[in-house]
Amino acid sequence: MKVVVVYPLLATAIILFLSLSPSPSPRKNRNNLSLHRRVGNNHAPFDPLVTKLIDGVSPENNSDSKPFAVDQASVNPFSGVFEDEEEYFSEEGQFNIKARLQILFPLLDNSPEDGKISLKELEVWNLQQANNQLISRTQKEIKDHDKNGDGAITFAEYQPLLANEDIDKNDMTHGQAGWWMEKFNSADIDSNGILNFKEFMDFLHPEDSENEKLQRWKLKEKMQGMDHDKDGKLNFKEFRTQAYEIYKSTAEFESGGDDLPSPEEKFDELDVNKDRLLTEEELRPIVHYLHPGEFNYAKHYTKYLIHEADDDNDGKLSLKEMLDNDHIFYNTVITENDVDDDDDFHDEF
């Protein structure tokens with residue numbers, strides 16, 4: 001029997017046909033799958049081999065790839081991870097998930113090496129996958145737009161169809177020349193009119209950028225869609241029906257649904273000057289809730305994996321727990337019968 005493998009890497013579905021062995025374990029805590037859906041599905045997968053199977057490119061060969069900065073001993077997820085990937089497939093095309101997890105486990109269990117994967121160890125790993133996801137996307141965009149091959153992007157290269165008169169109009173409406181130029185200039189930290197690799201990656205993914213100017217641009221953009229009376233601020237009604245609902249969907253996952261502030265309480269907390277209006281600056285503490293990026297997703301995904309696979313509830317994962325719950329780490333692998341017979345599970349994709 002063939003299976004459909006749907007990876008949460010691309011916005012459009014990418015389908016590979018494989019034969020799965022062994023069969024997935026019975027699904028655990030099916031009701032908790034909504035937690036995973038809540039944080040999205042177009043993100044870096046747990047296993048970097050999935051990325052290679054889709055792209056056919058190993059991030060270990062990316063010269064622009066730099067490891068994500070962490071405050072503990074760094075993990076190199078590509079050391080030995082991509083070698084001879086064919087060994088995980090039988091002659092019949094069956095993919096051995098358990099053998100794959102046995103290879104990955106010691107790479108994650110390193111700080112300390114104690115036979116258990118802590119939340120922090122798993123988070124470091126997933127953050128690395130997220131970072132490589134951003135790098136890969138940026139490299140593809142540079143390949144598409146870098147006409148002179150210098151590894152950097154000018155505004156004209158990124159928006160070649162915009163005429164000078166369009167730029168001169170400086171129309172700040174979403175998607176117009178002024179809007180694009182403001183975003184470009186916000187990402188251009190050294191103001192030289194060219195985006196290097198890091199600046200261009202920030203430009204493409206401002207939600208994951210540490211560029212404060214670009215963060216402010218993103219927050220301004222987000223507020224414009226919520227500010228119905230167009231006064232440049234959010235009153236309580238606008239906050240409750242727009243910003244709070246977005247904040248709540250992510251905060252509920254982080255806290256397990258416990259002790260969330262009410263809309264009134266959160267508004268009062270953010271309203272520093274107590275004028276019953278929220279400015280961009282006052283909304284900054286929840287900017288990552290309003291538009292979470294790859295790194296936020298990686299942290300949420302880490303908690304999800306621990307929640308689903310931690311059978312003894314000690315807050316860590318043993319190899320046995322990972323093998324017993326292998327479908328959690330590869331839960332984007334579903335059979336054709338699952339697609340036909342299990343609409344709830346299919347909805348996740």
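Me: Leaving aside its neighbours within four places in sequence, which residues is Asp227 in contact with?

Reply: In this predicted model, and with those sequence neighbours set aside, Asp227 is in contact with Gly232, Lys233, Leu234 and Glu238. As for its place in the chain, Asp227 sits in the loop between helix H9 (212-226) and helix H10 (236-255).

Me: Is Asp227 paired with an opposite charge or without a salt bridge?

Reply: A salt bridge requires the charged atoms to lie within 4 Å. Asp227 is buried yet has no salt bridge, and the nearest side chain of opposite charge, that of Lys230, is 6.0 Å away. A polar atom of the Asp227 side chain does, however, lie 3.1 Å from the backbone nitrogen of Asp231.

Me: How should I read the largest nonpolar core, and which residues touch the most other members?

Reply: The general idea is that in soluble globular proteins nonpolar side chains tend to be buried together. Here the largest nonpolar core has 24 residues, of which Phe46, Leu101, Leu122, Leu305, Leu317, Met322 and Phe329 touch the most other members. Helices H3, H4, H14, H15 and H16 are the elements that each give two or more residues to this core, and H14 gives the most, with six residues.

Me: Where does UniProt place the feature "domain: EF-hand"?

Reply: According to the unreviewed UniProt entry, this feature is placed at residues 133-168, 175-210, 218-249 and 258-293. In the model, the span 175-210 is 53% helix and 6% strand, with its end C-alpha atoms 23 Å apart, whereas the span 218-249 is 72% helix and 0% strand, with its end C-alpha atoms 19 Å apart.

Conventions: Residues are numbered from 1 along each chain as its sequence is written. This is a predicted model: local features need pLDDT of at least 70, side-chain atom pairs count only at pLDDT 80 or more; totals for chains, interfaces and linings use all residues. Side-chain values use heavy atoms; hydrogens and water are left out. Helices (H or I, at least four residues) and strands (E, at least two) are DSSP runs, numbered from the N terminus. Buried means under 20% relative accessible area, exposed over 50%, partly exposed in between (1.4 Å probe, protein chains only). Lys and Arg count as positive and Asp and Glu as negative; His and the chain ends are not counted. A polar contact is a pair of N or O atoms within 3.5 Å; within protein, one must be able to donate a hydrogen and the other to accept it, and residues adjacent in sequence count only if both atoms are side-chain atoms. Contact means heavy atoms within 4.5 Å. A nonpolar core is a set of buried Ala, Val, Leu, Ile, Met, Phe, Trp, Tyr and Cys residues joined through side-chain atoms within 4.5 Å. UniProt positions are given in the numbering used here, feature names are shortened, and annotations may be inferred rather than shown by experiment.
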